[in-house]
Amino acid sequence: MKHALLMVLVSCLSACAWGPGMHMDEDAFRERHAGKADAGADGAFDIVPIDATLLGQQQEARRQARPAPLTDPLAQVAADYDYRVTAHDVLSVIVWDHPELTIPAGEFRSPEATGHPVAADGTMFYPHVGVLPVAGKTLRDIRELLTQRLSTVIERPQLDVRVVGFRGQKVQVTGEVVAPGSLPITDVPLRVQDAISQARGFTQEADQRSVTLNRAGTTFTLDLQALYEQGDVSQNWLMRDGDILNVADRSRNKVFVLGEVRKPSSRLMVKGRMTLAEAIGDTEGFDPLTSNPSRVYVIRGSFEKPSIFKLDAKSPDALLLANQFQLQPHDVVFVSAHDLTRWNRIIEQIQPTVQLLWQAVDIGDRTIIIDNP
């Protein structure tokens, strides 16, 4: 009976697929995806080795995939920018040689407090002139209008008009910036980079490649990392009243390192970049006792259309390839276990059962001996 039990156990152990934990069965993967229509003859569902040829192809693909420069819809407005007064702004009007028409700003009164506010209907009151429509006009237009109206009571009036309180037009800056909030649009053109700067810059969690500008219900995505690193000024749009600028966080830019590494975990990409060598190094490298460095996989895409790349890192110089292989967000890096590790785990799993069966057989043999003296 003992011999029969041993033969059953050996036959069970011959099936390595019974081993606990995850493992990559390349043949099973090919069989699961062999019949899919999208696979085609180009081996889209095959396991591609990571070598110099693949790195060259990926570098060329990244070069060709660079987005075309954007077109700022307010580019012409920026070229001929001239601030237009709106409701709730505060204007300061100075008439030279006529101090009675100018309320001076004292030590305890700011120019904004002593200025002339623009009402909600876009009008402003001024002595000897009455109510003037000023909303939508430039400072030059308002100055000419006041000069014309005051000329009936003042001989050749000379005056200056300034905005001392920009309160009518605002944009919102939200997300991963140090000081999110509202920013006024002033007589100086406000671009996206200026708004980020006035919000005291990005936080450490900001994804500079994913800055969204919501304008009148339409959302545009801007890549400010391209602006800073490549000088792509087409990403630096002019902002207008009501715009909402949101800086996304980088939590979506994760890669997952699993399998036989010292510390399996998810890792955040820095500025959307991480190499395979960095991902492995950030998890403290391969487990020297259990890993099989010749079978390192990068799994990318969806189950319906996956891409799997394989690195043979038995030799340390193969990590030079890993150092140039660029990962993408949501990639899964999987390091397989060594065959001996899987065998030992099978033994460890079935050892209690073997001992229990062995004791049962031993008790049965003793019972037979007692019954048959």
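Visitor: Which residues touch the most other members of the largest nonpolar core?
Guide: In this predicted model, V85, Y126, L146 and L245 touch the most other members of the largest nonpolar core, which has 41 residues. A nonpolar core here is a set of buried Ala, Val, Leu, Ile, Met, Phe, Trp, Tyr and Cys residues joined through side-chain atoms within 4.5 Å, and buried means under 20% relative accessible area, with exposed being over 50% and partly exposed in between, using a 1.4 Å probe and protein chains only.

Visitor: And which element gives the most to this core?
Guide: That is α6, which gives 4 residues. Helices (H or I, at least four residues) and strands (E, at least two) are DSSP runs, numbered from the N terminus.

Visitor: OK, back to α6. Which of its residues are buried?
Guide: The buried residues of α6 are I142, L145, L146 and L150. They sit on the same side of α6, because they cover an arc of only 125 degrees around the axis, the arc being that of the directions from the helix axis to the C-beta atoms.

Visitor: Why would residues three or four places apart point the same way?
Guide: An α-helix has 3.6 residues a turn, so residues with that spacing point the same way.

Visitor: What do the buried residues of α6 pack against?
Guide: They pack against four strands, namely β2 (90-95), β4 (123-126), β5 (130-133) and β6 (159-165).

Visitor: What about L245, which residues is it in contact with?
Guide: Leaving aside neighbours within four places in sequence, L245 is in contact with Q172, V173, T174, V192, A195, I196, V211, T212, L213 and M239, where contact means heavy atoms within 4.5 Å.

Visitor: Let's switch to sheets. What is the order of the sheet with 5 strands?
Guide: The order is β8-β7-β11-β9-β10, in an open sheet with mixed pairing, and two strands pair if DSSP finds at least two bridges between them. At the edges stand β8 (181-184) and β10 (218-222), each with a single partner strand, so one side of each is left without a neighbour in the sheet.

Visitor: How do β9 and β11 run, parallel or antiparallel?
Guide: They run antiparallel, and 5 bridges join β9 to β11, which covers residues 244-249. Within this pairing, V211 has V247 in β11 as its bridge partner.

Visitor: And how many residues lie between β9 and β10 in their hairpin?
Guide: There are 2 residues between them, and A216 in the turn has a positive phi of about 55 degrees. The two strands pair in the antiparallel sense over 5 bridges, and R215 stands opposite T218 in β10.

Visitor: What about β7 and β8?
Guide: Those two also form a hairpin, with 5 residues between them. They run antiparallel, joined by 4 bridges, and V171 stands opposite L183 in β8.

Visitor: Is S210 buried or exposed?
Guide: S210 counts as buried because its relative accessibility is 14%. This residue lies in strand β9, residues 206-215, and, leaving aside its neighbours within four places in sequence, S210 is in contact with T221, L222, N246, V247, A248 and R252.

Visitor: And Q225, where does that one lie?
Guide: Q225 lies in helix α8, residues 224-230, and is buried, with a relative accessible area of 5%. Among its contacts, leaving aside neighbours within four places in sequence, are Q208, R209 and K271.

Visitor: Last topic: how many strands does the sheet containing β1 and β13 have?
Guide: That open sheet has 6 strands in the order β1-β15-β14-β16-β12-β13, with mixed pairing. Its edges are β1 (47-49) and β13 (265-268), each with a single partner strand, so one side of each is left without a neighbour in the sheet. In it, 4 bridges join β12 (residues 254-259) to β13, and these run antiparallel, with F256 opposite S266 in β13.

Note on methods: Residues are numbered from 1 along each chain as its sequence is written. This is a predicted model: local features need pLDDT of at least 70, side-chain atom pairs count only at pLDDT 80 or more; totals for chains, interfaces and linings use all residues. Side-chain values use heavy atoms; hydrogens and water are left out.
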